[in-house]
Amino acid sequence: MSDHSWRIVPGPGAFAHARDLARETLESWNWPPERVDVVVLLVSELVTNAHRHAGTDAWLQLHPTPDGVRLTVHDASTRQPARRTPDLEAAVGGFGLHILERLASRWGVETNADGKRIWALVPAATTSPG
């Protein structure tokens with residue numbers, strides 16, 4: 001298994017394309033389907049946020065780790081992600097960081113002169129309670 005990286009340009013079908021790339025990669029790594037779905041959801045959230053809030057292309061990377069995957073989405077904005085209260089009535093957003101915190105074992109933001117990278121670690125297997 002090796003790193004996979006893609007540039008996701010905003011436009012019709014961009015989010016579906018990012019999800020498909022992630023799904024195909026993880027399936028080629030023989031990931032359990034339920035764990036593939038977790039990564040695909042996170043990819044969708046992070047790429048959507050890069051396009052919507054940064055207004056730039058998104059660069060998606062999947063990097064295999066000994067126990068899972070590190071997914072990274074880079075955009076060209078240095079503006080930090082902001083936690084919002086989800087609008088449950090209109091269902092128009094505010095869920096991204098909540099989903100990230102719930103599904104990733106760890107996550108973070110790295111900022112430098114060319115923008116920011118939001119990364120998340122997702123284990124390939126669920127951990128069962130003790």
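Helices, in the sense used for this chain, are DSSP runs of H or I with at least four residues, and they are numbered from the N terminus; Ala22 is found in one of them, helix α1.

**Figure 1. Overview of the predicted chain and the order of its elements.** The model shown here is a predicted one, and its chain contains 3 helices and 5 strands. Read from the N terminus on, these elements follow one another as β-α-α-β-β-α-β-β. Of the 130 residues of the chain, 41% count as buried, and the accessible surface of the chain comes to about 7,400 Å², with 51% of that area belonging to carbon and sulfur atoms. When contacts between residues at least 6 apart in sequence are considered, 59% of them join residues at least 24 apart.

**Figure 2. Close-up of the packing of helix α1 against helix α2.** Helix α1, which covers residues 14-28, packs with helix α2, which covers residues 33-54, at an angle of about 145 degrees, and the axes of the two helices are 9 Å apart. The crossing in which α1 passes α2 is right-handed. On the α1 side the contact is made by Ala14, Phe15, Ala18, Arg19, Ala22, Arg23 and Leu26, while the α2 side contributes Val36, Asp37, Val39, Val40, Val43, Ser44, Val47, Thr48 and His51. The residues of this contact divide into 10 nonpolar, 3 polar and 3 charged.

**Figure 3. Close-up of Asp75 and the polar contacts of its side chain.** Asp75 is found in strand β3, which spans residues 68-75, and with a relative accessibility of 4% this residue counts as buried. The side chain of Asp75 reaches the backbone nitrogen of Ser77 at 2.9 Å, and it also makes a polar contact, at 3.0 Å, with the side chain of Lys116. When residues up to four places away in sequence are not counted, Asp75 touches Ala50, Ala54, Thr56, Asp57, Trp59, Asp114, Gly115 and Lys116.

Figure 4. Ala124 lies in the segment that comes after β5, the strand made of residues 115-123. The relative accessible area of Ala124 is 21%, so this residue is partly exposed, given that the limit for a buried residue is under 20%. Although Ala124 and Gly68 are 56 residues apart in sequence, their C-alpha atoms are 4.3 Å apart in space. Apart from neighbours within four places in sequence, the residues in contact with Ala124 are Trp31, Pro32, Arg35, Asp67 and Gly68.

Conventions. Residues numbered from 1 in each chain as written. Predicted model: local features only at pLDDT ≥ 70, side-chain atom pairs only at ≥ 80, totals over all residues. Heavy atoms only, no water. Axes fitted to C-alpha atoms, helices over the stretch in contact; angles between N-to-C directions. Left-handed = near helix turned anticlockwise from the far one by under 90°. Contact = heavy atoms within 4.5 Å. Nonpolar A, V, L, I, M, F, W, Y, C, P; charged D, E, K, R; others polar. Buried < 20%, exposed > 50% of the residue type's maximum accessible area, 1.4 Å probe, protein only. Polar contact = N/O pair within 3.5 Å; in protein donor to acceptor, adjacent residues only side chain to side chain. Areas by Shrake-Rupley, 256 points an atom, 1.4 Å probe, with all protein chains shown as cover.
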